[in-house]
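Here are my notes for a colleague who is opening this structure for the first time. Please keep the sequence and the coordinates in view while reading the points.

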Amino acid sequence: MSNDKRIVTIKDLTLGGGSSVAVQSMSNHSLLQTELLICQIQALAKKGAHLVRFSVRNHNEADNIRTVVDSTSLPLCADIHFDYTLALRAIESGISKIRINPGNIGSEKGVRAVVDAAKQHGIAIRVGVNGGSVDRSRYTGAEEAVLVESALDHVRILERYGFYNTVISIKSSDVLTTIAANRLLAAKSSYPVHIGLTEAGYGYKAFIKSSIALGALLMEDIGDTIRVSITGDPLQEIDVAYEILRSVKKIDYGINIVSCPTCGRTDTQIDLEKLAQSIDSSVTETYLSEFREKRKIINIAVMGCEVNGPGEAAGADIGVAGCGRGRFALFNKGVICKKLDQDEVIDAILGMVKEYLSR
Ligand code: SF4
């Protein structure tokens with residue numbers, strides 16, 4: 001986050017001007033699957049999404065925008081390609097942001113109508129390009145320069161009509177191009193930036209590529225809102241986004257799990273991976289909102305042995321380490337305080353977290 005950015009408002013969400021980095025995702029349901037779309041938006045909001053985007057492909061779908069908008073307090077973004085009349089429908093239906101490139105609308109009348117409606121309703125517009133959507137007959141040079149100039153041309157069109165509540169995004173499926181293009185954009189523009197790696201792939205491949213691209217940019221204070229694109233359930237995008245933000249210290253709350261890789265000293269009767277996941281999900285489900293409200297962060301260690309575990313995880317606030325025959329030692333700041341059976345571990349950890357929160 002950079003504090004010399006223009007400030008953009010999207011309903012009650014603020015981007016730029018030193019605001020926290022916002023987390024967003026996109027629904028994979030269509031507006032015709034209205035109930036599924038609403039449920040998914042609510043689930044994303046519960047996980048911590050600050051904004052959710054969905055596609056609007058035709059007027060039949062646009063009929064349902066109002067129902068979706070009315071179902072949540074979350075700011076929503078309508079993703080529209082080319083047809084400005086759909087943008088007008090979305091704005092009239094209470095949307096907080098539209099994604100449309102004015103250079104693709106095709107008529108001055110259309111651009112003016114969208115900008116006038118956006119101003120009147122106080123909504124934001126996201127413009128931008130990804131590697132696959134640039135008109136390469138118009139731009140030449142290094143890939144990052146092509147992407148930036150193409151995006152800035154859309155911004156300039158909006159500026160000609162006096163519109164500035166704009167967020168820019170430039171994405172590529174290539175990690176290094178995404179980093180280079182966003183660095184160049186940050187040097188040339190003061191608008192808030194939406195960062196993400198497009199078509200990042202599935203599972204661990206998407207996690208790694210997105211973490212490198214977004215992590216590198218965030219460490220340079222580039223990026224006001226992020227989306228981690230993953231093939232599959234969008235709910236996982238929120239988990240990964242927060243893990244990235246926590247890793248680069250862009251958020252100051254939450255639950256950080258530290259667990260060892262295990263080795264020959266691990267008690268053979270325990271499944272440490274499963275235990276780490278259970279502790280993470282139990283603590284997150286029970287206390288995440290309290291950590292968020294109190295702006296607190298806790299480091300919880302889950303270690304394979306009591307000989308080295310507490311020492312290796314001395315930086316953790318609390319932890320648990322295997323100590324033979326399915327038994328576990330609880331430790332506090334590296335000091336063992338109690339021993340117990342595996343089926344008592346989750347409750348004991350939840351108790352320690354509660355005590356930590358009350359301090
Ligand atoms: S904590 Fe113990 S089990 Fe885990 S890696 Fe270290 S020595 Fe091995």
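1. Glu-355 and Arg-359 form a salt bridge in this predicted model, with 3.0 Å between the closest N and O atoms. Because the limit for exposed is over 50% relative accessible area, the two partners fall on either side of it: Glu-355, at 41%, is partly exposed, while Arg-359, at 54%, counts as exposed. Elsewhere, salt bridges with shared partners link Arg-138, Glu-149, Asp-153, Arg-156 and Lys-188 into one network.

2. Over the whole structure, the search finds 21 salt bridges. Arg-227 belongs to the loop between strand E10 (225–226) and helix H9 (235–247), whereas Glu-237 is in helix H9, so the pair ties together parts that are ten residues apart in sequence. Both Arg-227 and Glu-237 are buried.

3. A further bridge brings together the side chains of Asp-341 and Arg-327, at 3.0 Å from N to O. Asp-341 is part of strand E15 (residues 335–341) and Arg-327 is part of strand E14 (residues 327–332), so this pair ties together parts that are 14 residues apart in sequence. As for accessibility, Asp-341 is partly exposed at 36%, and Arg-327 is likewise partly exposed, with a relative accessible area of 32%.

4. The buried residues of H12 include Val-345, Ile-349, Met-352 and Tyr-356. With 14 residues, H12 reaches 20 Å from its first C-alpha to its last, which is close to the 20 Å expected at 1.5 Å a residue.

5. Where nonpolar packing is concerned, the general expectation is that in soluble globular proteins, nonpolar side chains tend to be buried together. The largest nonpolar core here has 79 residues, and Phe-54, Ile-95 and Ile-98 are those with the most contacts inside it. Helix H6 (residues 143–160) gives the most to this core, contributing eight residues. Apart from this core lies another, of 33 residues, with Leu-275, Ile-279, Ala-313 and Ile-349 among them.

6. Which residues does Ile-95 contact, once its neighbours within four places in sequence are left aside? Its partners are Phe-54, Ile-65, Val-69, Leu-76, Cys-77, Ala-78, Ala-90 and Ile-123.

7. The surroundings of the ligand deserve a separate look. The residues around the ligand are Cys-260, Cys-263, Arg-265, Thr-266, Met-303, Gly-304, Cys-305, Asn-308, Gly-309 and Glu-312.

8. Finally, Lys-209 lies in helix H8 (residues 203–219) and is partly exposed, with a relative accessible area of 30%. Not counting residues up to four places away in sequence, Lys-209 touches Val-175, Leu-197 and Ala-200. Between Lys-209 and Asp-79 there are 24 Å in space, C-alpha to C-alpha, and the two are 130 residues apart in sequence.

How values were computed: Residues numbered from 1 in each chain as written. Predicted model: local features only at pLDDT ≥ 70, side-chain atom pairs only at ≥ 80, totals over all residues. Heavy atoms only, no water. Core = buried A, V, L, I, M, F, W, Y, C linked by side-chain atoms within 4.5 Å. Buried < 20%, exposed > 50% of the residue type's maximum accessible area, 1.4 Å probe, protein only. Helix = DSSP H or I, 4+ residues; strand = E, 2+ residues; numbered from the N terminus. Contact = heavy atoms within 4.5 Å. Salt bridge = Lys/Arg side-chain N within 4 Å of Asp/Glu carboxyl O. Near = heavy atom within 4 Å. Expected span 1.5 Å × (residues − 1).
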